Amino acid sequence: MRVQIWMLLATQWLTPADANRKIDRKKVVSNFNPQRHESSNSTPVQVGNGNFAFGVDVTGLQTFQPFAIQSSWGWHNFSLPTTPGQTQLTDFTGLDWWTHGRLVKYSQPNSAEPEISNWLIQNPQRINLGRIGFWFGSDHVDITESDLSEKLQTLDLYSGIISSQFTVLGSKVTIKTSADPDSDTVAIQIQSDLIKKGQLGVFFDYPYPDRNKFDAPFVGVWNASSLHTTSLQQSRSQAQISHDIDATTYYTNIYWDGEGCISDASKGTHRYVLQANPSHDSTLELTVNYSPKRGQRFEDDAGSVVRSSAKWWREYWEDGAFIDLTGTKDTKATELQRRIILSQYLLAVNEAGRDPPQESGLVNNGWYGKFHMEMVLWHLLQWARWGKWSLLDRSIPHVYDRFLPTSIERARDMGYKGARWGKMSDPTGRSAPGEINSLLIWQQPHPFYFAEVEYRAFPSPETLKKWDKVLTESAEYMVSFAWWNSSTNVFDLGAPMYPVSENTNPNATINPTFELAYWRFGLKIAEKWKVRQKLEAPPSWLNVSKSLAPLPIINSTYPIYEGIPDMWIDPVTYTDHPAMTGIYGLLPPTSDVNLTVVANTANKIASVWDFANLFGWDFPMLAMNAARLGRSDTAIEYLLDPNFAFDDVGMPIGGPRVPTPYFPGSGGLLLAVAMMAGGWDGNEGPKFPKGWDVRAEGFLPAL
Ligand SMILES: *[C@@H]1O[C@H](CO)[C@@H](O)[C@H](O)[C@H]1NC(C)=O
Ligand SMILES: *[C@@H]1O[C@H](CO)[C@@H](O)[C@H](O)[C@H]1NC(C)=O
Ligand SMILES: *[C@@H]1O[C@H](CO)[C@@H](O)[C@H](O)[C@H]1NC(C)=O
Ligand SMILES: *[C@@H]1O[C@H](CO)[C@@H](O)[C@H](O)[C@H]1NC(C)=O
Ligand SMILES: *[C@@H]1O[C@H](CO)[C@@H](O)[C@H](O)[C@H]1NC(C)=O
Ligand SMILES: *[C@@H]1O[C@H](CO)[C@@H](O)[C@H](O)[C@H]1NC(C)=O
Ligand SMILES: *[C@@H]1O[C@H](CO)[C@@H](O)[C@H](O)[C@H]1NC(C)=O
């Protein structure tokens, strides 16, 4: 029923000609199947399902490059510090900062309690579940990738299957790798004469977790064997390996066809090898399932996983919105289409889980594998804008419901009403200590954006009810955070606070442009939400939304915040996120936005900003601003900027400040493309450069 309402709404934006001429989606998608002839040093080719991903090198496994196997559930804690007075979570006290004349406790590392502060930042960390690779016989343990010839690997995007082949020891090896859409399982189908010769098997290996903030391109430590344990149990054609890392235990369930057995290949170093018996034919098929629960059975064979994968991916590509730029004879359109298709694939593999994704998805670890509540919009709003509601629904709004009690507690402990959403989070909802983490506020209005976009697609009492509590508590916090300045008679945001650009003095940061606009946007929706339910919004909400400080203006441009010294003069003011462009691109303009000032600001940014130092999603933000200003050529330039790069398999390059991949860039790209494909309220329809042949299906206008 839900799907049908959506399709009904979606199709009304198609012109009759488009509606008749349905896009051949399979053809467009398949044009961009990635191909490799050697392993990359930085990025894997992946299969996965949003909660589980398996990254491979050119052999279709992790033979030479230990790319990660990651999941939503695989996390680990190092043991708590033993320093007296810092041995438990409650020993962490944070720091008091003056905030409008009172001392407020912020969750920041305290130099008097460094060990527990650090522990809370580094724990839990997301683990790499293991490594699976080819074993070439005990006489050939030193084979390297350069001993392989005729290497060819293709990822079929339309079915989610990687086909790899190579020649080694005089024989050809072919392998298909796929992931089950519904469980943490990889299916492996190998064909080679080497199997019955006993010269080809499959190894399983296990790392110990690392304490690195960024663990990339590989995750975990492979030589700390004595710090963790593994044990093997097997019966005919199946085995279970349990892996104990301190308090974390999980299981690898391996099923294979025909005769064979697993042996502990290197006593104590956690490497196991599956070898077929000599009677085996030249194929070896196995499924490998990872699970936090003992005794979990995975019933399907590799062939059924392949079929489930093909079915899931076909539906993924055929459902929801789609854009076809392949009729445009311009290399820019081709590259943009490549980025779009590969981003769609990678976001379904890495960013459709139970929890919001970390910046690097399930590829490797950034920020210990944790996710950032201010980044959820860049990762996840694209699902809504592309009509992939069932994928969005896995995490949003549930994560807000789950984190509501601790977020209410966080607000209360700081002397505010409502719920203050955390920042750098793990699945329990604990927000890691940090000066920036505790002073950032732009995560706060995100629920309003998600809710409003959902309501436009599904305008029902159920949608209103589903979001009401989260929106109410979010608004209560926003209202109580805004501070009545009796000398100016407006409500101020900050100080102290950090704006989107995290490089200002928090004690001097007051009334940042983007946050003011976002507060106003959120509170307007908060009021509308109550009106739609025939309820009255509390007068305090109306007061704050009406009397928030005006957007600051310096020399007819929007600065980062009110009164920032030397805006556009001191380079530090134009190096980080140019978030002031978000007020007319990411956000629909509120009534007080001055379009002359918006245009001046966009021009100024284009001429001075330090683009080499930006983060991926800044470019889609700039592109959306340009699009709304009617500059679609500029928007395309931003989406293809040399500093906003995607590698051969579509992984968004991190750039100078973060490792690769940095998926907010991919999510942002799809958000910007959705806006350019569907237009926005009051100006619907495609917004691409003149002369482009664009066919779009199923996009609703942006807010
Ligand atoms: C890590 O420790 C925290 C605090 O005790 C706990 O809430 C969390 O569940 C633990 N996570 C894991 C994976 O053990
Ligand atoms: C901000 O002010 C607090 C006192 O309220 C002080 O402890 C802190 O060091 C200041 N931070 C910066 C970055 O100046
Ligand atoms: C493990 O390898 C790393 C990096 O090669 C090295 O620095 C470390 O000392 C090794 N640790 C052990 C226990 O061998
Ligand atoms: C009131 O607003 C003015 C102008 O924004 C600002 O300079 C002043 O610091 C604010 N007052 C307080 C007490 O924060
Ligand atoms: C808005 O709130 C401020 C601060 O509480 C108060 O002084 C002012 O009278 C209120 N304005 C209205 C219109 O209620
Ligand atoms: C505003 O513009 C004037 C004239 O160009 C310039 O002298 C001044 O430095 C500018 N002020 C700021 C804060 O950019
Ligand atoms: C918008 O800003 C421009 C440039 O600063 C100014 O001239 C104009 O009066 C402003 N418009 C309004 C409606 O405030």
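Mentor: The helices (DSSP runs of H or I, at least four residues) and strands (runs of E, at least two) are numbered from the N terminus. This is a predicted model, in which local features need pLDDT of at least 70 and side-chain atom pairs count only at pLDDT 80 or more, while totals for chains, interfaces and linings use all residues. Residues are numbered from 1 along each chain as its sequence is written, chains are lettered from A and ligands numbered from 1 in the order in which they are written, and side-chain values use heavy atoms, with hydrogens and water left out.

Most residues other than glycine have a negative phi, and most peptide bonds are trans. S237, in the loop between β15 and β16 (238–245), is not a glycine, yet has a positive phi of about 60°. K534, in the loop between α13 (513–532) and α14, likewise has a positive phi of about 60° without being a glycine. Their surroundings can be described by relative accessible area, where buried means under 20%, exposed over 50% and partly exposed in between (1.4 Å probe, protein chains only). S237 counts as buried because its relative accessibility is 13%, whereas K534, at 75%, counts as exposed.

D648 forms one with R36, with 2.9 Å between the closest N and O atoms. Since D648 belongs to the loop between α17 (632–639) and α18 (664–678) while R36 is in strand β1 (residues 35–36), the pair ties together parts that are 612 residues apart in sequence. D648 is partly exposed, with a relative accessible area of 39%, but R36 is buried, at 5%. R657 makes a salt bridge with D576, and here the closest N and O atoms are 3.0 Å apart. This pair, too, links distant parts of the chain, with R657 in the loop between α17 and α18 and D576 in the loop between α14 (539–547) and α15 (595–608), 81 residues apart. R657 is partly exposed at 32% relative accessible area, and D576 is buried at 7%.

From R36 we can follow β1 into an open sheet of nine strands, ordered β1-β10-β11-β12-β13-β20-β17-β16-β15 and paired antiparallel; strands pair if DSSP finds at least two bridges between them. β1 and β15 (229–235) stand at the edges with a single partner strand each, so one side of each lacks a neighbour in the sheet. Within this sheet, β12 (residues 171–179) and β13 (residues 185–191) are joined in the antiparallel sense by six bridges, and T174 has Q191 in β13 as its bridge partner.

β6 (residues 95–99) and β7 (residues 102–106) run antiparallel and are joined by five bridges, one of which pairs L95 with Y106 in β7. Two residues lie between these strands, and H100 in the turn has a positive phi of about 45°. The side chains of D96 and K105 meet in a salt bridge, 3.2 Å from N to O, and D96 is partly exposed at 42% relative accessibility, as is K105 at 40%. A search of the whole structure finds 27 salt bridges, and K22, R25, E318 and E697 are linked in a network of them.

Finally, W97 and W98 are among the residues around ligand 2, together with E435, P506 and N507, where a residue is near a molecule if one of its heavy atoms lies within 4 Å of it. A polar backbone atom of W98 is 2.8 Å from an oxygen atom of ligand 2, and a side-chain N or O atom of N507 is 2.4 Å from an oxygen atom of this ligand.

Technical notes: Salt bridge = Lys/Arg side-chain N within 4 Å of Asp/Glu carboxyl O. Polar contact = N/O pair within 3.5 Å; in protein donor to acceptor, adjacent residues only side chain to side chain.
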